[in-house]
Structures are given as C-alpha cells and as structure tokens.
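Let's take a friendly walk through the side-chain contacts of this protein. Have the sequence and the model side by side as you read.

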Amino acid sequence: MCGRFIITDTAPDLAAMFDVEHEGENLPEPSWNIRPTEQIPIVLESNRTNPSLRRLESARWSLIPSFATEPTSKFPTFNARAETAAGKPTFKTSVKSRRALVPATGYFEWHTEGTVKTPYFIHSDDGLPLAFAGLYSWWKNPAAADTDPARWVLSATILTTDAQGSLAQIHDRTPVALPEEWWDQWLDPATEGDQTLVDAAVAASREVVESLDFYQVAPITGNGPELIEPASKDSV
C-alpha cells in the first residue's frame with residue numbers, strides 16, 4: 001500500500017519534468033508528509049480538446065467516483081489494487097479513460113512485527129522523482145449550487161501491486177511506478193483502458209520498483225525534510 005508519500009518538487013519543476021502544457025490553480029506546495037484526502041499534484045491529459053492537453057492539477061488524494069452521493073466512503077480509496085481496478089465500480093470508468101501520473105519523491109512504508117511498526121523511506125536509487133500510475137475522477141457535489149466554482153471536485157488514487165524482491169521484506173504491497181517510456185501511453189485518453197493495459201503497466205513498473213532503495217527513518221510526525229533523514233540509534 002501507499003498511505004504516506006512526499007513530493008519536494010515545485011509546480012514549475014513538475015510542469016517541466018512532465019511536459020505539462022497547462023498548470024492549474026491552487027497547486028499544493030511541496031510536502032514531506034502527505035496524507036490521504038489531502039491535495040496532491042497530478043498529471044493528466046484532458047480528452048475534451050483535440051489534440052489532448054497535458055495538465056498539472058491539484059486533486060484530492062482519495063478517489064470519489066462520479067456516482068457517489070458524498071465524498072466519504074466506507075472503504076479507503078487512496079489506493080486501488082491493480083489486479084482488480086478495471087472491474088471495480090469505483091475505479092473502472094477511470095481505468096477506461098481517466099488515468100493520471102502521481103509525482104512522488106518517495107513514500108513511507110511501515111514494517112510490522114507483532115505490535116511494533118517500523119517506518120522506512122522508499123525512493124529511487126538515482127534521487128529522481130517517481131511517477132506512480134494513478135486514476136482520477138471528477139465528482140459533482142450535489143449539495144453545492146451550480147454557481148459554486150467548488151462544486152466540481154477532482155480526486156485521484158494510486159495503483160498498487162504485489163511487492164517483490166527486497167521491498168517485500170517491508171510490506172506486501174507497493175505503488176506501481178511507471179518508467180518514462182510508459183508515461184504517454186498511460187495518460188493518453190484515446191487509449192481505452194482495461195485490465196490488460198493495467199497488467200502491462202504493472203509489468204513495465206517491475207524494473208523501476210526493483211531499483212528502489214530504502215532505509216529506516218524515525219517515527220513520522222510533523223512535516224519537514226527531517227522526516228527522510230536516516231534513523232539514528234537514539235530515535236529507534
């Protein structure tokens with residue numbers, strides 16, 4: 001799973017990195033401790049223009065399907081299992097044509113032994129940002145007036161898959177981190193997504209995931225660069 005992650009790049013940096021043509025409003029600032037339901041930057045391609053327009057937008061991290069009557073859900077939607085996403089009512093419409101990239105400097109994961117949970121910071125071996133395979137949705141708040149600009153809510157989720165190799169020692173799930181050569185295909189709204197596409201994305205992510213590094217960090221509280229410093233003997 002991925003329940004906390006960080007993104008230290010600014011919006012202009014991300015726009016340049018992902019060849020973004022339009023930057024949305026109110027993009028979130030860099031954060032070292034992003035929690036579900038908080039705002040995150042995502043990259044998507046609008047299918048309302050021809051050719052499609054690549055955009056950097058702010059989204060709620062926990063997907064709200066378009067058919068929902070309220071933003072909260074009985075089950076968490078900040079992650080979606082890659083193995084079943086295309087068949088789940090909450091995610092299947094997004095798999096079809098509303099796919100996104102979620103930039104990340106890295107993410108936190110906890111290894112559990114008994115009642116003890118040990119946090120680790122997981123990141124690329126070259127220090128470059130990761131691009132998680134994500135899904136997005138637009139939800140119209142039925143309680144908001146049609147004249148309310150906040151009536152439309154953009155939300156997103158991160159796909160996860162089985163962890164392999166050394167990462168499996170920490171947790172059995174990991175985000176699907178896409179290689180750069182897969183970004184265009186994943187974002188293209190003209191490509192009709194199905195489980196076959198998701199499975200191919202997971203297969204393409206394996207090389208990226210296997211190259212990730214990790215180390216133990218101190219208990220995660222607050223929000224600052226100290227959260228990704230290796231744990232000292234005094235803090236463990």
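What follows covers aromatic pairs and then salt bridges.

Please keep in mind that this is a predicted model. A search of the whole structure turns up 8 aromatic pairs. One of them joins Tyr-107 and Phe-132, whose planes stand at 75 degrees with centres 6.0 Å apart, so the pair is edge-to-face. Tyr-107 belongs to strand 8 (residues 106-113) and Phe-132 to strand 10 (residues 130-140), 25 residues apart. Both Tyr-107 and Phe-132 are buried. Another pair, Phe-108 with Phe-121, is tilted, at 5.6 Å centre to centre and 50 degrees between the planes. Here Phe-108 lies in strand 8 and Phe-121 in strand 9 (residues 116-123), so parts 13 residues apart in sequence are tied together.

Elsewhere, the charged end of Arg-99 sits over the ring of Trp-186, 5.7 Å from its centre.

Now for the charged pairs. The structure holds 7 salt bridges, including these:

| Salt bridge | N to O distance |
|---|---|
| Arg-54 and Asp-184 | 2.7 Å |
| Arg-173 and Glu-83 | 2.8 Å |
| Arg-173 and Asp-162 | 2.8 Å |

Arg-173 lies in strand 12 and Asp-162 in strand 11 (residues 152-162), so their pair ties together parts 11 residues apart in sequence. Is Arg-173 buried or exposed? With a relative accessible area of 7%, Arg-173 is buried, whereas Glu-83 is partly exposed at 33%. Arg-54 is likewise buried, at 8% relative accessibility, while Asp-184 is partly exposed at 49%. Glu-45, Arg-54 and Asp-184 are linked in a network of salt bridges.

How values were computed:
Residues are numbered from 1 along each chain as its sequence is written. This is a predicted model: local features need pLDDT of at least 70, side-chain atom pairs count only at pLDDT 80 or more; totals for chains, interfaces and linings use all residues. Side-chain values use heavy atoms; hydrogens and water are left out. Rings of Phe, Tyr and Trp (its six-membered ring) pair if their centres lie within 6.5 Å; planes under 30 degrees apart count as stacked, over 60 as edge-to-face and the rest as tilted. Helices (H or I, at least four residues) and strands (E, at least two) are DSSP runs, numbered from the N terminus. Buried means under 20% relative accessible area, exposed over 50%, partly exposed in between (1.4 Å probe, protein chains only). A charge sits over a ring if NZ of Lys or CZ of Arg is within 6 Å of the ring centre and within 35 degrees of the ring normal. A salt bridge is a side-chain nitrogen of Lys or Arg within 4 Å of a carboxyl oxygen of Asp or Glu.
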